[in-house]
Amino acid sequence: MFKNEIGALILRVTLGAIFFIHGVVKFQGGIENIAGWFESLGLPGVMAYGVALLEIIGGILLIVGLATRLVAALFALLMIGATIKVKLAIGLLGNGQMAGYELDLAFLAIAVYLLINGSKLLSISQLIFQRESKEIKRAA
């Protein structure tokens, strides 16, 4: 069981760090450019801000282990949307000019794993809910 938790911790922190960095880069590179790119895809430009904020905030939440399953669900939806809207037509391995959806698929798999199994080791959620469950048992 402990090996599974170590694996989940590694996946949680890695996915959180990658999404956090992607979100920060969107703002550093000019979020207006990303918004324009979203519009060129037929998506509302304001979605770029939402996606970038989700990546930053969700990345931090995953790293510290707070709301892991919720964030993982949101990231899974994000990866499904990105794959269908942008990468699917390019193919699994890309077209020589743009990367395919192989990395998106890996991120989706990690997010789905965390959604199903969670990750308790070194997580703030475990500290909060472990304390609450002990207090409930004492009260009973």
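Ser123 is buried, with a relative accessible area of 5% (buried is under 20%, exposed over 50%, partly exposed in between; 1.4 Å probe, protein chains only). The model is predicted: local features need pLDDT of at least 70, side-chain atom pairs count only at pLDDT 80 or more, and totals for chains, interfaces and linings use all residues. Residues are numbered from 1 along each chain as its sequence is written, and side-chain values use heavy atoms, with hydrogens and water left out.

Ser123 lies in the loop between α5 (102-117) and α6 (124-139). Helices are DSSP runs of H or I with at least four residues, numbered from the N terminus. The Ser123 side chain reaches the backbone nitrogen of Gln126 at 3.1 Å. Not counting residues up to four places away in sequence, Ser123 touches Arg12, Val64 and Gly65 (contact means heavy atoms within 4.5 Å).

Leu122 is in the loop between α5 and α6 too. At 66% relative accessibility, Leu122 is exposed. Its phi is near 55°, a positive value in a residue other than glycine. Ala67 has a positive phi of about 60°, although not a glycine. Ala67 is found in the loop between α3 and α4 (68-87). Ala67 is partly exposed, at 31% relative accessible area.

The axes of α2 (residues 31-40) and α3 (residues 47-64) come within 8 Å and cross at roughly 120°. Axes are lines fitted to C-alpha atoms over the stretch in contact, and angles run from 0 to 180 degrees between N-to-C directions. The contact is made by Ile31, Glu32, Ile34, Ala35 and Phe38 of α2 and Met47, Ala48, Tyr49, Val51 and Ala52 of α3.

Conventions:
Helices (H or I, at least four residues) and strands (E, at least two) are DSSP runs, numbered from the N terminus. A polar contact is a pair of N or O atoms within 3.5 Å; within protein, one must be able to donate a hydrogen and the other to accept it, and residues adjacent in sequence count only if both atoms are side-chain atoms.
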